[in-house]
Amino acid sequence: MSLSNSRNQFLAFESHNQDNIQYERKGGIFVTTCVCVSFILCAVLVATLVGIIVYFITYFKLSQSVSTNDFWNEAEPFGHNGPPSPDLRLPSAVVPSFYRLKLRTDIDNSNFRGEVYITIKAKSNVKEIILHSKGLSINDKAKLTEQTYEEIQTLHRKKREEPANDTISENPTTATTATANTLNVTIKEVDAQKPTNETFVPSSNEHNETTHIKLNTNVSNETANDAPANETATPTVAIPIPNNTIYTTVTNRNTHVTHSSARNIQITSITQGSGDRLIIKLASTLKPDVDYILELNFEGKISDAMTGFYKSTYTSTDGQIRSLGVTQFEPTSARAAFPCFDEPAFKAMFEISIAHPSNLTALSNMKVSSQEDIPDSPGWRWTHFDRSVNMSTYLVAYIVSDFKSVETTYVSKDNITKPIRVWTRPELIHKASYALTITPKLLEYYEEVFGLPYVLDKLDLIAIPDFSSGAMENWGLITFRETTLLFDPAASGPRDKQNVAIDVAHELAHQWFGNLVTMTWWTDLWLNEGFATYIEYVGVDHIEPEWNMFESFSIDKMDLLRSDSLKNTSPVSRKVIDASEISQKFDEISYTKGANLIRMLNHTVSQELFHKGLLIYLNQWTYSNAEENDLWAAMSTAVESDSNLRQLSVVEFMNSWTRQAGYPVVNVDRNYETGDVMFEQKLFTSSDDPYQAMIDQLWHIPISYTWPSQAKSAKPQSAKPELWLKERSVIAHLPVDRTQALYVNVDAIGYYRVNYDTKNWELLSAALKSGHFKSPITKAQLIDDAFNLAKFSHMNYSQALGLTTCVIEGEDSKVVWELLLNNMGFIKYSIRSTSGYVYFQDYMKILLQKQLERLNYGLSKPKDDNEAFLIENLVMWECEVEAPRCLKWAQDEFTNWSTQGDLSNNSIPVYLRSLVYNMAIKKGGRRAFEFFWDAFQNATDPNVKTLIINNLPATRDPALITLLLERSLNELPNQYAPTVWGVEPTVGTRIAQDFLIKNFDAIYNKFTSMDEFTFPSILNGAFGFIISEDELNKLKSFALQHKDKLLPVSQTLQKIMDTAKLRIEWMKRHAPTVNAWFKDYVTNHKKSLSEAPNTTTPSTTTASTGNSTQTSIGNEIGTANSNTGNVQNSTDAAPEINGTTTTSPEI
Ligand SMILES: [Zn+2]
């Protein structure tokens, strides 16, 4: 899944699972009466003592709990503590292997009913079956049958797509009896010990040979019951899956099954337990290694939420409201659509049939196998889908809609031609071509990188009008927001195009990482998301190399380093104690930090060995589940052959990063006389009072270094580690001249910051300003490290701010500017209400001036997409600091467009539209607000709607802010409702805080009913920019009042709290210094100007190319950073800073 741009990130903390321990009673002892009496007396005494002790301990704990349970208490994080919930996991005694799911959808009446036949097997003697069901009505027709087959013969096979005759029976419970029957089965059995590419995808044109498979184990049949045989029905047969066996079955009518018995097992009760558990009690015990079929009939509501099986709507060009039925199951909503074992490790095959109106199209993970009209329901039909490969429940998907598609094909690695279709509502079909163009390119590239083909027979990508996250990787049927799949070059800009490329690349990467190999449990969600995030950059860099995607990767990393320094940040790999915590793991720690750690490993072991390890891992765990140490084991195998890496323990190295929270700063202290350099690691934290356990952490840090110089002694730059810092400190002798600057963590590949002694910082600053550092990433990294070291008092602020002046004379790298401006964003929001803010504004104008002049203030057509990104950022800042030119230009642009009648005739350059809209709403009062509100209501284009709704909360009118918040509760479609909570500090946030406190129940009910991800963004909107003690106290009493309801979003609250404390402390400690520095600089600058005035006027040339934009002003700590930007390649390339080659690590 990819995160939506509007979703706020939240953090988690580590907790630990505890296995249940059970004792059995065996035997006894005999004692005399005397001993017995003495024993009793002793026992009474001991009991009394224990009672007294327990009383005092309990009393002590209770009195303590009053404070420790308050989340702002420094002693422990707010959230679930103690052992895991007893209902967190399903028992593993019963496992499913196959689901036959038949669903009748009624979108108009918002309900569905279905039957599911689940083939299960017990691992031990159990008398109950526990699976998941949420909000479903299970009727009393439940059945459980034991199925036994002795022999299956496949007489011959037919073409895979052969339409049936082979239609799946309306009622699959009408087939076999205890006598031999002919069933529709084709069996393809493959030895999993020798997985080959060919095993993953059966050829669609394959004519199978006659086979005769003798099964030693029992074989179950979905059709099992006591009903009489029906030769005309053509149900399929579920084959139990021997461990690690890969096979695919297709519907066919040429298999002969000998059926030895089918026995009903009496169900004594079905009850709904806590944790969405459906508990089925049985009259007799299930035997291990026998296959049973559980049949359940159920009904449910198609909700308007954006989770489970839900309804999405759109307005067609003729003004009609059209509906579609959509699924979103990750992480735990498959159980809301059909009863199932809803945990990622319970992989099974699925065979799905959907009943729907004949004028609509049904899609699912697999290809359509056949369709049939439903005789007793005119106008309705069944669409039957092929049986799936082995997969997790959260990846199941089905959609019923009136959408249209465009189609292409590609030939996969295993030489099979596969269709790719992009689906959308009919009027947006012209926007589908970009996704359709890049998808085959990405698939082909990924097949090369992963060494395995895309395994399914087809791939559908579909744009959903109402969708919560950015996209979802359902196997073979990927769902997207409309704005993350559709792109129209005539109406949208490079930012929109990049968003599409990134989301498509991310979800396609999941087809291998996540779908083919899945994490065993949500603890290792980061394996899915970290890898997909890393690979998305690799993929986009391949198809759109001019974007320099790995520059964006570095920006995202540096932005994350800011929030990962909070006191209650969480490790990448973290235990889940309560089910409510699962959704909190979909945060930037799992995504961006996960991606960075994987990239760090790649650069440590070399591209070649990393790739080798990747292939070992994927081949070993295909169609199965894995944990992080399985990946490290594969990497260890890969690096064994390299003598330089023999001493590297991949497991210890990576566990030190994935299982510990936060990250270190490496302090570099040079002895300029001897050439010795001491490297020392320490936790880098925003807190004055960090947890002792975190202070004690040590990481295995790969250290790369170089010294930039024009001299011959300059060292070639390489990101390969040259030494390791595993202990607290290490001293190394480096042949660096005392006059040269030492630069550590080349290309910012390592996930850590670096601080240097004062002299080396001076040398670095001089090298930076004299142009010795060519790489934009190096410049951005030094500025970012300096700013954040100063923020937490590890460095003098004037030194950090002094570095910013290196861009004044014409820096043109968008990475450098973006990082610098992101850091300035923190200062901007913090000092906004101080008198120093005016000097800050003036300083920013000085900083921006030269570059804006070079870019003609954005009025000329940008030479490429990167320049368009730079322009939108710089001009946005120019307006934000209230430069008169910018404000007047923005106002003129808005007036010209809004007064000329036809709004579709928009002459504002697309990459500057967001800025113009924002300024118009900010400065234009009610008139402008209503203009945009109407434009939002009337627009049908999702990009136009999104652009407007993103900017509406910029209004500064308190009444209009309240109006927007009210509309989020009743008027706005679900997808857009959370967006308007992105109000601006301080006017907007204070209103949002009061509105949230006053209307808590309504707001909580509205947004938690949408899905489990949305409510945190509401909290962040209201409380994410706290700057004063009174706001902090308001948050504390709010959280205490609603503690029970807020527990599931504890990590968001904790992060908000940490950020608030950081900002309040920063204001006390640094605001005066920072303000004084700006004042001094501006005053001196004005003096020098008065001696040599310099004025420039922009050219009047107006840009006319289209590029739409959404720019954020600075990247505040504690806010989400979307997946946009730039970066540098990694899976397939050595880092290119200064264009030198990498060398072998000295490990
Ligand atoms: Zn994802």
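Trainee: How many salt bridges does the count come to?
Mentor: The model is predicted, so local features need pLDDT of at least 70, side-chain atom pairs count only at pLDDT 80 or more, and totals for chains, interfaces and linings use all residues. Residues are numbered from 1 along each chain as its sequence is written, and side-chain values use heavy atoms, with hydrogens and water left out. A salt bridge needs a side-chain nitrogen of Lys or Arg within 4 Å of a carboxyl oxygen of Asp or Glu. By this rule, the count is 50.

Trainee: Glutamate 146 meets arginine 263 in a salt bridge. Is glutamate 146 buried or exposed?
Mentor: The N to O distance of the pair is 2.7 Å. Glutamate 146 lies in strand β5 (residues 143-154) and arginine 263 in strand β10 (residues 255-265), 117 residues apart; strands are DSSP E runs of at least two residues, helices H or I runs of at least four, numbered from the N terminus. Buried means under 20% relative accessible area, exposed over 50%, partly exposed in between (1.4 Å probe, protein chains only). Glutamate 146 has 6% relative accessibility, so it counts as buried.

Trainee: Glutamate 673 forms a salt bridge with arginine 738. Which class does glutamate 673 fall in, buried or exposed?
Mentor: The closest N and O atoms of this pair are 3.6 Å apart. Glutamate 673 sits in the loop between β28 (664-670) and β29 (676-683), and arginine 738 in the loop between β33 (729-733) and β34 (743-744). Arginine 738 is partly exposed at 41%. Glutamate 673 has a relative accessible area of 62%, so it is exposed.

Trainee: How is helix α6 oriented to α7?
Mentor: The axes of α6 (residues 525-543) and α7 (residues 549-563) come within 9 Å and cross at roughly 155°. Axes are lines fitted to C-alpha atoms, for helices over the stretch in contact, and angles run from 0 to 180 degrees between N-to-C directions. Under 35 degrees counts as roughly parallel, over 145 as roughly antiparallel, 65 to 115 as roughly perpendicular, the rest as oblique. The crossing angle therefore makes α6 to α7 roughly antiparallel.

Trainee: How many nonpolar residues does the contact of α6 with α7 have?
Mentor: Contact means heavy atoms within 4.5 Å. Tyr534 and Val538 of α6 are among the residues involved, as are Phe550 and Phe553 of α7. Ala, Val, Leu, Ile, Met, Phe, Trp, Tyr, Cys and Pro count as nonpolar, Asp, Glu, Lys and Arg as charged, and the others, Gly among them, as polar. The contact has 1 polar residue, 2 charged, and nonpolar residues numbering 7.
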